[in-house]
Number of protein chains: 2
Amino acid sequence: MRVKEGNKEADILRAAIKVFAEHGFHTAKIFKIAEEANVATGSIYLYYKNKDAILATIFEQLWESFANEIIVLHGRTDITPVEKLDFLIDFIFDTFSSEPHLAVVFVNEQQNATKLYGKSFEEYDKFLQFGEKIIDDGKNAGFFNPNIDVKVLRFFLLGGVKNLLDQWAKDNKTFSLSLLRQNVKQILKRGVLI
Amino acid sequence: MRVKEGNKEADILRAAIKVFAEHGFHTAKIFKIAEEANVATGSIYLYYKNKDAILATIFEQLWESFANEIIVLHGRTDITPVEKLDFLIDFIFDTFSSEPHLAVVFVNEQQNATKLYGKSFEEYDKFLQFGEKIIDDGKNAGFFNPNIDVKVLRFFLLGGVKNLLDQWAKDNKTFSLSLLRQNVKQILKRGVLI
DNA sequence: GTTATTTTTGAATAGTGATTCATTAATAAT
DNA sequence: ATTATTAATGAATCACTATTCAAAAATAAC
């Protein structure tokens with residue numbers, strides 16, 4: 001009996017992230033992903049049902065990781081809601097700075113991914129839900145301005161961070177990510193006025 | 001001699017914005033756009049070279065409008081840089097709230113549009129460039145915090161607003177846009193802390 | 001009413017690339 | 001060494017849809 005060597009499933013996913021980032025989901029060729037993963041075209045279908053399933057897996061894993069992190073943060077009692085937001089921003093920046101291709105896919109292919117069913121929705125919803133809780137806690141504890149709508153903050157922050165990371169990844173990482181995240185935290189907390 | 005009736009070119013563009021918003025650029029069918037515009041499939045090619053060209057035109061027109069607005073704002077001497085930012089946010093919100101489909105296309109198809117050459121780059125660059133100028137002016141005049149990187153602010157703000165509008169459009173416009181824009185302005189200026 | 005000119009149509013074409021599957025390769029078991 | 005079983009291959013298939021273009025329709029000019 002023959003046995004599997006290496007981890008082709010992971011190789012393919014890694015390759016797909018790269019190719020999706022470079023070409024976009026729809027213009028990315030399965031052939032190119034196979035090449036990048038050092039497998040034959042057909043092998044991809046041994047590990048993934050089809051092209052859509054590859055994208056779905058990328059988002060599933062990503063949102064799962066984000067949801068897990070935010071749930072842990074929400075549960076902590078040793079830090080304030082303000083610090084929780086800080087750590088969340090750190091986590092997002094850390095994730096994408098170690099995988100720039102993933103940042104690009106995350107920003108550009110959400111729409112395509114949204115069309116596919118599955119676990120990704122659950123985890124994404126969880127992420128939003130606990131983000132909302134942290135902000136509500138922050139309001140109740142008197143840290144955050146109660147006039148600011150929680151949905152607005154949630155989407156504005158997420159969208160702003162996503163766009164920044166996308167630009168950073170496309171700009172070949174020329175500007176410093178740590179400056180970037182400092183700035184985001186500052187804008188968020190204090191605004192831009194003197 | 002036969003003469004053109006109506007404005008098919010504009011009809012097609014309008015239809016394309018709708019179909020692109022609903023299905024995404026790559027899964028949008030030319031046939032569907034034609035149907036939506038009440039023309040035959042082939043007629044589309046009398047007015048646009050190909051599918052790409054339709055998307056390019058959408059972005060060209062949009063960025064041209066944004067660039068024009070920001071240039072006028074930048075030139076005004078009767079308002080402060082803070083007010084200029086305010087008005088810019090208003091302009092963006094006004095544009096997209098009157099055309100929700102356009103908001104969705106704008107958010108999701110930028111990557112596809114970026115691949116196409118042409119005027120759109122120029123106008124987009126102009127937009128960013130004058131945005132930068134307004135912020136620099138604001139720093140020099142002592143309104144804005146000089147520690148905040150102008151590129152960060154620019155992309156963060158743009159990304160945040162884009163994401164908000166996208167959610168708003170997809171959410172069938174259930175929440176109030178004017179609340180939304182108030183919140184954005186407030187977060188931007190004062191942050192979220194009390 | 002006929003002709004000339006321009007617009008519009010929509011079925012046929014043609015290119016593309018995702019997916020399949022018959023074949024080959026590799027290893028384990030005996 | 002042989003057989004059984006699973007992994008991997010990649011050329012062939014097949015579905016899909018953007019684009020083309022020959023024909024039809026509409027109007028203007030006379």
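A:Leu158 sits in helix 9 of chain A. Helices here are DSSP runs of H or I with at least four residues, strands are runs of E with at least two, and both are numbered from the N terminus. This is a predicted model: local features need pLDDT of at least 70, side-chain atom pairs count only at pLDDT 80 or more, and totals for chains, interfaces and linings use all residues. Residues are numbered from 1 along each chain as its sequence is written, while chains are lettered from A and ligands numbered from 1 in the order in which they are written.

Is A:Leu158 buried or exposed, or partly exposed? It counts as partly exposed, because it has 19 C-beta neighbours inside 10 Å. The cut-offs: buried takes 20 or more other C-beta atoms within 10 Å, exposed takes 12 or fewer, and partly exposed lies in between, with C-beta atoms placed from the backbone. Across chain A, 43% of the 194 residues are buried.

Now the whole chain. Chain A has 10 helices and 0 strands. Its C-alpha atoms fill a box of roughly 65 × 35 × 30 Å along the principal axes.

Next, the partner. In chain A, 38 residues are in contact with 38 residues of chain B; contact means C-beta atoms, placed from the backbone, within 7 Å. Which helix of chain A gives the most to the side that touches chain B? Helix 9 does, with 13 residues.

Notes:
Two residues are in contact if their C-beta atoms, placed from the backbone, lie within 7 Å.
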